[in-house]
Amino acid sequence: MNDTKKYIFTSDRLGFRNWNLTDIDKMHEINSDEKVMDFFPSIPTKEQTTEFVERMKNQFEDKGFCYFAVDKLEDNEFIGFIGFSEQTYKADFTPCVDIGWRIKSSEWNKGFASEGAKKCLDYALNELKLENIYSIAPKINTKSEHIMTKIGMKKQYEFEHSLLTNNDRLKTCVLYKTEPK
Ligand SMILES: CC(C)(COP(=O)(O)OP(=O)(O)OC[C@H]1O[C@@H](n2cnc3c(N)ncnc32)[C@H](O)[C@@H]1OP(=O)(O)O)[C@@H](O)C(=O)NCCC(=O)NCCS
């Protein structure tokens with residue numbers, strides 16, 4: 001069934017929606033994949049994934065955006081998230097709204113992340129009227145940085161992430177930002 005009405009917006013192949021509590025188990029499965037979590041300091045517990053889904057649902061209800069749950073339109077299968085979140089950790093550019101993505105590894109290399117991120121940026125700039133959107137990734141996460149460049153964001157600088165100071169492998173991060181209109 002291709003039920004596009006349940007989505008806030010769609011791209012060619014993807015639907016973007018608020019979270020359901022039934023997504024928690026599937027998101028936990030994605031978060032438990034070491035390949036997916038290679039550039040994060042730890043693998044989230046089930047409780048942390050539950051807290052994340054609840055926080056995203058609440059943020060959507062308050063602000064109209066979150067890291068949206070993403071389904072493939074061809075079969076309505078949940079494959080991860082792409083979207084926006086508020087960031088408040090200590091940095092020169094915070095508080096800010098960032099764009100981020102996390103996709104099930106069996107769905108990598110099909111162009112879903114960059115297609116979805118491009119559509120999310122269009123939605124944020126044109127519908128949500130968000131002006132400055134940032135994206136952050138550890139410098140060694142080159143796949144993530146590649147998406148930032150493909151969707152037209154511009155590199156600002158590299159910095160040491162205040163939440164990763166004890167992690168020599170991940171602490172150097174890249175900061176990208178949308179271009180002013
Ligand atoms: C980062 C991540 C989202 C990238 O996913 P992805 O599917 O590899 O990313 P893309 O959408 O850019 O697609 C990659 C490749 O798919 C290929 N592709 C296949 N079919 C395609 C299509 N129809 N359209 C576009 N690209 C297609 C392209 O060759 C593209 O690579 P290229 O731009 O170098 O040519 C994924 O690796 C992930 O979830 N990682 C774990 C979480 C993470 O690290 N998040 C970021 C934290 S900072």
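**Rings and ligand**

Mentor: Phe68 counts as buried because its relative accessibility is 0%; buried means under 20% relative accessible area, with a 1.4 Å probe and protein chains only. This is a predicted model, where local features need pLDDT of at least 70, side-chain atom pairs count only at pLDDT 80 or more, and totals for chains, interfaces and linings use all residues. Residues are numbered from 1 along each chain as its sequence is written, and side-chain values use heavy atoms, with hydrogens and water left out.

Trainee: Okay. How many aromatic pairs are there?

Mentor: The count is 17 aromatic pairs. Rings of Phe, Tyr and Trp (its six-membered ring) pair if their centres lie within 6.5 Å; planes under 30 degrees apart are stacked, over 60 edge-to-face, the rest tilted. Take Phe9 and Phe68: the centres are 5.2 Å apart and the planes are at 90°, so this pair is edge-to-face.

Trainee: Where do Phe9 and Phe68 sit in the chain?

Mentor: Phe9 is in strand S1 (residues 9-10) and Phe68 in strand S3 (residues 67-72). They are 59 residues apart, so the pair links distant parts of the chain. Strands here are DSSP runs of E, at least two residues, and helices are runs of H or I, at least four, numbered from the N terminus.

Trainee: And Phe9, buried or exposed?

Mentor: Buried, at 8% relative accessibility.

Trainee: Which aromatic cluster members are there?

Mentor: Phe9, Phe16, Phe60, Phe65, Phe68, Phe84 and Tyr123 form one cluster.

Trainee: Switching to the ligand. Which residues come nearest?

Mentor: Trp101, Ile103, Ser114, Asn141 and Lys150, out of 21 residues around the ligand. Near means a heavy atom within 4 Å.

Trainee: What is the shell around the ligand made of?

Mentor: It has 10 nonpolar, six polar and five charged residues. Ala, Val, Leu, Ile, Met, Phe, Trp, Tyr, Cys and Pro count as nonpolar, Asp, Glu, Lys and Arg as charged, and the others, Gly among them, as polar.

Trainee: Which helix gives the most to the shell?

Mentor: H4, with five residues. H4 spans 142-150.

Trainee: What about Lys150 and the ligand oxygen?

Mentor: An N or O atom in the Lys150 side chain is 2.6 Å from an oxygen atom of the ligand. Ser114 uses a backbone N or O atom, 2.9 Å from a ligand oxygen. A polar contact is a pair of N or O atoms within 3.5 Å.

Trainee: How much of the ligand does the protein cover?

Mentor: The protein covers 71% of the 970 Å² of accessible area that the ligand has on its own. That area comes from the Shrake-Rupley method with a 1.4 Å probe.

Technical notes. Polar contact = N/O pair within 3.5 Å; in protein donor to acceptor, adjacent residues only side chain to side chain. Buried < 20%, exposed > 50% of the residue type's maximum accessible area, 1.4 Å probe, protein only.
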